[in-house]
Amino acid sequence: MRPPRPGADPLAGVERVLVDGSNLAYALGGGGRAPRPMAGVVAGLRATFPSTVRVEVVFDGPGAPARAATNLFVAHAGKVAADRVIEGAVEAQLRADGPAGTWGILVVTDDRELRGLVQAKGARVAGTAWLAGRLDRANAGVGPRPGQAGGPRPAAGTSGGHNRRPRPPGR
């Protein structure tokens with residue numbers, strides 16, 4: 001596999017995505033405000049990547065590893081930083097398969113130091129804004145149906161638009 005061209009889609013040719021879950025939680029929480037809860041971060045991720053791509057979300061702090069969906073895994077860094085766990089995963093791939101093994105890895109983080117470390121090992125990087133945009137697009141069709149609170153309203157002049165049942169024929 002060859003490295004991607006500069007400016008190409010960060011996901012092109014990717015087999016494995018490592019996500020800095022804490023960075024993403026803050027990005028999805030409104031940038032600097034309270035982070036989105038872990039379940040909210042993980043909930044839409046599977047729909048944003050092809051099912052053949054292995055997605056690993058690493059959060060800072062304690063917790064049990066889990067398989068959240070097919071090819072979607074959640075890990076907790078424990079006493080070390082999530083950045084070190086992600087860097088270690090890229091390093092292990094580099095040792096096992098050489099530079100060709102890391103070309104298929106995409107690391108999603110906003111941490112400059114981590115970006116530099118994994119790029120030096122051959123992995124690609126993308127920011128959490130890129131992933132948040134993919135999440136928004138993937139989940140755009142999900143939500144309340146017409147007539148539900150927060151959903152689009154049916155057209156005026158239709159029985160659904162007045163929240164009453166249609167009249168039986170002949171009345």
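Residues are numbered from 1 along each chain as its sequence is written. In this predicted model, local features need pLDDT of at least 70 and side-chain atom pairs count only at pLDDT 80 or more, while totals for chains, interfaces and linings use all residues; side-chain values use heavy atoms, with hydrogens and water left out.

## Overall fold and confidence

The chain has 6 helices and 6 strands, where helices (H or I, at least four residues) and strands (E, at least two) are DSSP runs numbered from the N terminus. Read from the N terminus, the order of elements is β-α-α-β-β-β-α-α-β-α-β-α. The chain has 171 residues, of which 35% count as buried. Buried means under 20% relative accessible area, exposed means over 50%, and partly exposed lies in between (1.4 Å probe, protein chains only). The chain exposes about 10000 Å², and carbon and sulfur atoms supply 54% of that area; accessible areas come from the Shrake-Rupley method with a 1.4 Å probe.

Among contacts in the chain with a separation of 6 or more, 50% are between residues 24 or more positions apart. A contact means heavy atoms within 4.5 Å.

The predictor's confidence in each residue is given as pLDDT, from 0 to 100. Its mean over the chain is 81, and 75% of the residues reach 70 or more. Over residues 143–163, pLDDT stays under 50, and the model has 18 contacts beyond four places in sequence for this stretch. Where pLDDT is low, the predicted coordinates should not be read in detail.

Helix α3 covers residues 82–97, and its 16 residues should span 22 Å at 1.5 Å a residue. The expected span is 1.5 Å times one less than the number of residues. The end C-alpha atoms of α3 are 23 Å apart, which agrees.

The buried residues of α3 are Ala82, Asp83, Ile86, Glu87, Ala89 and Val90. They cover an arc of only 155° around the axis, so they lie on the same side of α3; the arc is that of the directions from the helix axis to the C-beta atoms. On the other side of α3, Arg95 and Ala96 are exposed. The cover over the buried residues of α3 includes β1 (16–20), β2 (54–59), α4 (99–102), β5 (105–108) and α5 (112–120).

In helix α1 (residues 21–28), the buried residues are Gly21, Ser22, Leu24, Ala25 and Leu28. They cover an arc of only 160° around the axis, which puts them on the same side of α1. The buried residues of α1 pack against β1, α2 (38–43), β2 and α6 (128–138).

## Salt bridges

Side chains of opposite charge can pair when their charged atoms come close. A salt bridge here is a side-chain nitrogen of Lys or Arg within 4 Å of a carboxyl oxygen of Asp or Glu. The structure holds 6 salt bridges, including those in the table.

| Pair | Closest N to O distance |
|---|---|
| Glu56 and Arg16 | 2.6 Å |
| Arg54 and Glu56 | 2.8 Å |

Glu56 forms a salt bridge with Arg16. Glu56 lies in strand β2 and Arg16 in strand β1, so the pair ties together parts that are 40 residues apart in sequence. Glu56 counts as buried at 14% relative accessibility, and Arg16 counts as buried at 18%. Arg54, which also pairs with Glu56, is partly exposed at 34% relative accessible area.

Lys121 counts as buried at 15% relative accessibility, whereas Glu91 is partly exposed at 24%. Salt bridges that share partners join Arg84, Glu87, Glu91, Arg95 and Lys121 into one network.

## Loop residues

Asn71 lies in the loop between β3 (66–69) and β4 (72–76). Its phi is near 65°, a positive value in a residue other than glycine. Most residues other than glycine have a negative phi.

Val80 is found in the loop between β4 and α3 and is partly exposed, with a relative accessible area of 46%. The C-alpha atoms of Val80 and Pro62 are separated by 9.5 Å, and the two residues are 18 residues apart along the chain.
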